[in-house]
Amino acid sequence: MPNKTRSLLSIPVMIFTVLLLCNTGYSEVTPEILLGARGIASMNLDYTPGGGEETVSDFSDTSLLLGFRQKLYSNYRGTLVIGFQFPDEGSQLEPILFHQVFLRVEDRANIFKIGRTRVRSAMIEFPTLRDDDAIDFTDILNPFSSGEDSEDNQYGNIVEATRIFGQRYRLSAYGEHLRNETEAVSKDFGFNALGLSFQYRVPESQRWNREVLNQIGISLNAALTDRSGYSGELDKALKSITFSTVLNIRPDPVHFWDLRHQSIFNLGFSETKEITDYADLTRAKSISTFTSIRYLYRKLERPALQAALSYGYKTFPDLTNSSSQHQLTANSFYRMGANFDAGVQVSYRKNTGDLKRLAGEHETEIQFALIYSIEQLWNSQFDDRESLLNLEHGYIP
């Protein structure tokens with residue numbers, strides 16, 4: 001049976017398993033069971049100097065997640081999450097991507113996670129329709145990727161330990177295996193990226209007692225490349241520093257405004273003086289920023305309308321030919337009913353210098369979308385500090 005057919009057949013098998021678990025067993029031994037799903041469907045219109053293209057139905061990033069949580073013989077609890085999504089339109093990956101498969105052990109102050117999940121290439125979410133709509137500005141790019149699939153920059157195998165201090169400060173250390181496309185079949189699944197992050201974050205339980213400073217953080221990341229001419233691991237590592245902040249500029253529960261900003265400083269390699277392919281793009285010294293201002297109207301304590309304007313800028317200061325990227329994105333989402341939204345997003349991107357040869361001079365994209373999100377819980381035992389849909393991109397963050 002072809003691999004694609006087996007992947008498609010796995011969907012009803014997973015759903016049947018959940019329904020069986022929900023209707024059998026005893027409550028004292030059955031774990032808490034969670035089902036989460038998000039459907040995104042959009043019509044995309046792309047305009048470039050070469051002409052226009054359209055995608056009638058783009059359902060990429062539509063996902064289904066299953067979660068199981070169990071009380072352990074201490075103050076800890078254990079969690080298993082299995083989830084898949086549909087990759088980007090035209091992706092070289094299988095039609096179904098298992099993007100979340102991990103185990104987590106946690107208590108109030110400690111979290112340990114191991115498995116496949118979102119890598120720490122970005123620190124905060126921005127109000128874009130999909131999480132890869134501005135990925136060149138919002139994420140540390142995977143230097144082992146060919147650049148054809150955005151998922152290479154977002155998902156990988158990870159081991160992560162987090163310590164929470166005073167409910168507001170988070171210190172995390174992690175090792176990652178990013179997808180490596182330098183070999184047809186990768187033989188090495190060890191760590192090829194390491195990182196450390198520190199964040200101040202106001203707890204979600206205090207969302208309506210909002211302070212101006214909602215979140216601020218910094219992370220240090222290193223990709224363990226095979227840089228030629230260097231023997232030391234530190235010299236071969238592609239290092240980057242990320243700074244992020246979220247400010248509640250008007251913390252009103254009805255008419256709410258916030259400002260989100262993230263800067264990524266890729267220290268790059270000094271020998272990369274021009275960009276001819278995706279490998280050069282990831283290894284050249286760069287500074288990228290992305291900033292969003294967001295208005296959220298809440299009616300009866302639920303989101304009813306959101307509008308956001310975002311701007312991204314990326315420059316490569318060490319290239320022989322001065323090069324930069326710019327992106328302006330505007331969108332709006334309207335809640336049509338419980339968990340069902342309609343939205344429109346317009347993005348304009350311009351490239352200069354070496355980037356024009358690699359990605360074209362400019363592009364305009366218009367997207368009309370419908371989004372439906374749902375989360376169901378059986379055998380409730382715990383709080384919802386980490387709901388399943390928190391693992392997915394929040395276009396209404």
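Two strands are taken to pair if DSSP finds at least two bridges between them. In this predicted model, strand 1 covers residues 32-48 and strand 3 covers residues 63-71. The two pair in the antiparallel sense, over seven bridges. Within this pairing, Ala37 stands opposite Leu64 of strand 3.

Strand 1 also pairs with strand 17, which spans residues 362-378. The sense is again antiparallel, and the pairing runs over 15 bridges. Here Leu45 has Ile366 of strand 17 as its bridge partner.

A further antiparallel pairing joins strand 1 to strand 2, residues 51-58. Six bridges link these two strands. Tyr47 stands opposite Gly52 of strand 2. Strand 1 and strand 2 form a hairpin, with two residues between them. In a regular strand, side chains alternate between the two faces of the sheet.

Asp280 lies in helix 4, which comprises residues 278-283. Asp280 is buried, yet has no salt bridge. The nearest side chain of opposite charge belongs to Arg283, 6.8 Å away. A salt bridge requires a side-chain nitrogen of Lys or Arg within 4 Å of a carboxyl oxygen of Asp or Glu. The side chain of Asp280 does make a polar contact, at 2.7 Å, with the side chain of Thr276. Beyond its neighbours within four places in sequence, Asp280 is in contact with Thr272, Glu274 and Ile275.

Definitions and conventions: Residues numbered from 1 in each chain as written. Predicted model: local features only at pLDDT ≥ 70, side-chain atom pairs only at ≥ 80, totals over all residues. Heavy atoms only, no water. Helix = DSSP H or I, 4+ residues; strand = E, 2+ residues; numbered from the N terminus. Buried < 20%, exposed > 50% of the residue type's maximum accessible area, 1.4 Å probe, protein only. Lys, Arg positive; Asp, Glu negative; His and termini not counted. Polar contact = N/O pair within 3.5 Å; in protein donor to acceptor, adjacent residues only side chain to side chain. Contact = heavy atoms within 4.5 Å.
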